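Q: Hi! I'm new to this one, could you walk me through it?
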Amino acid sequence: MATLTTRKALALGTGLATATALALTGTASAAAPTAPAAAGSTTVSPAGHAFAAALTGKATLKAGAVTVTCSVSASSGTVPAAPGNHNAAGPVTSAITPPSFTSCTTSMPGVSASVATSGAWTVSMQHGSPIVASFTVPTGGLVVTTSGIASCTVTAAPTAPAATSGTWANGAPSSLAFSNAQVPVKVVGGFGCPTSATTSSFTAKYLVTDKTDPAQQITVTS
């Protein structure tokens, strides 16, 4: 529950896009929209255990042909204590530390980038097929700054919190993956800064381990 460069904006991100299907009658008139299915139950275990999320591989933040790659990223949090670790009709949400992003490079010669995060981040788990896990980026909670040939500031979730949605897989350890997740951004800067850009994408995979009892695994079930 978490997206930058010389001529394109990069930032972390994503949001879950939803669509409503309209059934058409034989006379081509639209029927009423189908009601969305109710969210199923979710349980995150073990209740009350602290967890750590660490990047495996690299995180990429893309806009157009430009890529910023970070090789280190991490966050941590705590599974809610019982009964808060179970929701009979929706996701379970935990507060997490703002994820760090360091050892970052860009695909453009002469341009460097740094990523700063802040504020009250959360991660929400919704059991299903697949299991959906969403970071919520607080307003202005991720800022990418470039320097060198182009000096730009890219702010994710510039006006309101934004959800960056990925998929969760139970395992040993469990994992959370984002693939081209989208998030709204605002770009400020001078020459070479893509001030018209409004979104950016994020790809990364995190391994999630139980800090309270390393012999156990953080799991999401119904």
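This is a predicted model: local features need pLDDT of at least 70, side-chain atom pairs count only at pLDDT 80 or more; totals for chains, interfaces and linings use all residues.

Q: How many disulfides does the structure hold?
A: One, counting a pair of cysteine sulfur atoms within 2.5 Å. Cys-70 and Cys-104 form it, with their sulfur atoms 2.0 Å apart.

Q: Which parts of the chain does the pair link?
A: Distant ones: Cys-70 is in strand 4 (residues 66–78) and Cys-104 is in strand 7 (residues 100–106), 34 residues apart. Strands (E, at least two residues) are DSSP runs, numbered from the N terminus.

Q: Is Cys-104 buried or exposed?
A: Cys-104 counts as buried, at 17% relative accessibility. Buried means under 20% relative accessible area, exposed over 50%, and partly exposed in between (1.4 Å probe, protein chains only). Cys-70 is buried too, at 0%.

Q: New topic: where is Pro-46 found?
A: Pro-46 sits in the loop between strand 1 (42–45) and strand 2 (50–55). A cis peptide bond joins Ser-45 to Pro-46, with omega about -5°.

Q: And what joins Ala-82 and Pro-83?
A: A cis peptide bond, with omega about 5°. Pro-83 lies in the loop between strand 4 and strand 5 (86–87).

Q: What about phi at Ser-103?
A: Ser-103 is not a glycine, yet its phi is positive, about 55°. Ser-103 belongs to strand 7 and is partly exposed, at 49% relative accessibility.

Technical notes. Residues are numbered from 1 along each chain as its sequence is written. Side-chain values use heavy atoms; hydrogens and water are left out. Helices (H or I, at least four residues) and strands (E, at least two) are DSSP runs, numbered from the N terminus.
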